[in-house]
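Colleague: Can you walk me through this one? I have the sequence and the model open.

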Amino acid sequence: MSKLNRFNWIARSYDRLVNIVFGQTLNNAQMHFMNEIGPTDSVLIIGGGTGKFLRDLLKMKSEIRIVYVEASSEMINLAKQQIGNASNMSFIHGTEENIPAQLFDVVITNFFLDLFTDDKLGKVIKTVSAHLRVGGKWFVSDFEKTGKLSHRILLSLMYLFFHVTGSIDAKRLTDWRPLFESENLILEKQQSVRDGFVSASVFVKMK
C-alpha cells in the first residue's frame, strides 16, 4: 500500500476525534517547548497533520522558516487553510524520503514516531536526523509506555482502529528513545502529562 494519503479519509474529523479522546492534552504537549525555537530558525515539521499546531506555532514564532512534510494531501489542504498565505512556508506532499537536501536548525515530530513498525522506525529516525545540523534540536511529542492498564487499553484500541482502517502498519508502540541515542540525539529536557502517557521532549544532536 502506498505511504501517501492513508490519512485522507479521516483528515477533516481528525482534530475533533483527538479532542473527544484527549481534550487539550496533545495540543498542550506539542506547544510545551516551542518558545525555545529561535526567531529565525529553519524548521522541519514532518507528519504535521491538519495544521492546527502550525497555526499556533506561527502565532508565537512568525519569522521562522518552515518546511512542512505531510503524507496526506487532505491534511496539507487543511493546513494551508489554517494559515492562509505565508511566504516563510513550504509544503511538501511526501514522506521522510522527500525532505529537501538541506540542514535544519529544528525538527518537530508530533505523534509521528508512533506510526511505524519496529523495523521501519530506525530507518525513519536515521533519515530525518541526517537533515538536522549538529547542535540542532529535535522536538518530540508522543505517547509513552507506562505499564498502566488504562494506557495499555487505550493504545491497543488506537492501534487497532488505525491498523484496521489501513492508515498505519504498526500494531503497537515502538520504544523509540534508544534509536535516538544511536543517532547521537541526547535528551535535553522532558515534560510528561496524563500520568506519563504523553510526553514532550527536546533532543540535541551532538555530532
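Predicted model: local features only at pLDDT ≥ 70, side-chain atom pairs only at ≥ 80, totals over all residues.

Modeller: In helix 5, the buried residues are L121, V124, I125, V128 and S129. Buried means under 20% relative accessible area, exposed over 50%, and partly exposed in between (1.4 Å probe, protein chains only). Helices (H or I, at least four residues) and strands (E, at least two) are DSSP runs, numbered from the N terminus.

Colleague: On which side of helix 5 do they sit?

Modeller: They are on the same side, because they cover an arc of only 125 degrees around the axis. The arc is that of the directions from the helix axis to the C-beta atoms. On the other side of helix 5, D119, K123 and K126 are exposed.

Colleague: What covers the buried residues of helix 5?

Modeller: The cover includes strand 1 (42-46), strand 4 (104-110) and helix 7, among others. Contact here means heavy atoms within 4.5 Å.

Colleague: New topic. How many aromatic pairs are there?

Modeller: Twelve. Rings of Phe, Tyr and Trp (its six-membered ring) pair if their centres lie within 6.5 Å; planes under 30 degrees apart are stacked, over 60 edge-to-face, the rest tilted. W176 and F203 are edge-to-face, because their ring centres are 5.9 Å apart and their planes at 70 degrees.

Colleague: Are W176 and F203 buried or exposed?

Modeller: W176 is buried at 2% relative accessibility, and F203 is buried at 3%.

Conventions: Residues numbered from 1 in each chain as written. Heavy atoms only, no water.
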